[in-house]
Amino acid sequence: MTQPTISIIVPVYNSEKYLDACIDSILSQSFRDFELILVDDGSKDSSAQICDEYASQDTRVRVIHKANGGVSAARNDGLDIAKGEYITFIDSDDWVERKYLETLSNYRDYDIVFFSHRMIYEDGYTSEFKFEAKEGDKQNIWAIVADLKKNKTDWNFFGYTWNKMFRRDIIEKYKIRFIEGLRISEDEVYTLDYCTHAKSIKVLPLCLYNYRVLGTGLTATKNSADEYNKLAKSYLAIMERETDNRIYEIYVPVVLEEFYTAAMNQD
């Protein structure tokens, strides 16, 4: 395979109910120059077989089978073999609009691109979250990050990886990876780390991603004090190497909140 423009990484774990819809939405993209990396994270249902079936039918699909290690490890394994100039992440129970990649391909001059999305609930209710269009260079990245973290919707749009496109050369140059074993806000830590190296940012008001809100998963589990401490220390480690002090205005309150939560969760 020649180098594709975009690598799409999908961690897969027991997703048989929704996996076909997810993969079909990717393979039906109007923009064709991509590779799809499906990382089967030790699924116990038919997800692994579904992944292999798609790979046998389309040469753009690559499959990794591994022992269960969590979503961060699965994404890292995908990053390790990705060949695209750009990286996007999709959750295996979600799906994307047909012009998802075509739209993103028009903004390849930016180091990081954020895009809007829909939340689809199990009862069929749908909420559409549209960002205000913004763009900036290194001088105003943190102002835009602050707006994405705290806005009138009360959703922290900065804290996901599925609503962004990243440059792989930046990821590899600075060895940016997800922190394995961190089960809370691992997406935000990864994106924060990346943004300390980014020199340009674009925010699109277009809804390209459909996020399925389910009543199961990590968000439904109780996290330990150790995990909140690990999260706070991860933020601190990134903050300490960033020369722009505006990062402190955004993340000092976040770090304090995580340490406070850790203390409250002590047995």
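**View 1. Helices α1 (19-27) and α2 (47-57) each supply at least two residues of the negative patch.** Helices here are DSSP runs of H or I with at least four residues, strands are runs of E with at least two, and both are numbered from the N terminus. The model is predicted: local features need pLDDT of at least 70, side-chain atom pairs count only at pLDDT 80 or more, and totals for chains, interfaces and linings use all residues. Residues are numbered from 1 along each chain as its sequence is written, and side-chain values use heavy atoms, leaving out hydrogens and water.

The negative surface patch gathers Asp20, Asp24, Asp52 and Glu53. Patch members have over 30% relative accessible area and no salt bridge; like charges are joined within 9 Å, and nonpolar side chains (Val, Leu, Ile, Met, Phe, Trp, Tyr) within 5 Å. A salt bridge is a side-chain nitrogen of Lys or Arg within 4 Å of a carboxyl oxygen of Asp or Glu.

**View 2. Glu53 lies in helix α2.** Its relative accessible area is 47%, so Glu53 is partly exposed (buried is under 20%, exposed over 50%, partly exposed in between; 1.4 Å probe, protein chains only).

**View 3. Glu132 lies in the loop between β7 (126-129) and β8 (134-137).** Glu132 is exposed because its relative accessible area is 57%. The C-alpha atoms of Glu132 and Leu27 are separated by 29 Å, and these residues are 105 residues apart along the chain.

**View 4. Tyr248, Val252 and Leu256 form a nonpolar patch on the surface.** Together they have about 250 Å² of accessible area, computed by the Shrake-Rupley method with a 1.4 Å probe, where only the protein chains shown count as cover for residues. Tyr248 is found in helix α9 (residues 246-264). With 32% relative accessibility, Tyr248 counts as partly exposed.

Notes:
Lys and Arg count as positive and Asp and Glu as negative; His and the chain ends are not counted. The place of a charge is taken as NZ of Lys, CZ of Arg, CG of Asp or CD of Glu.
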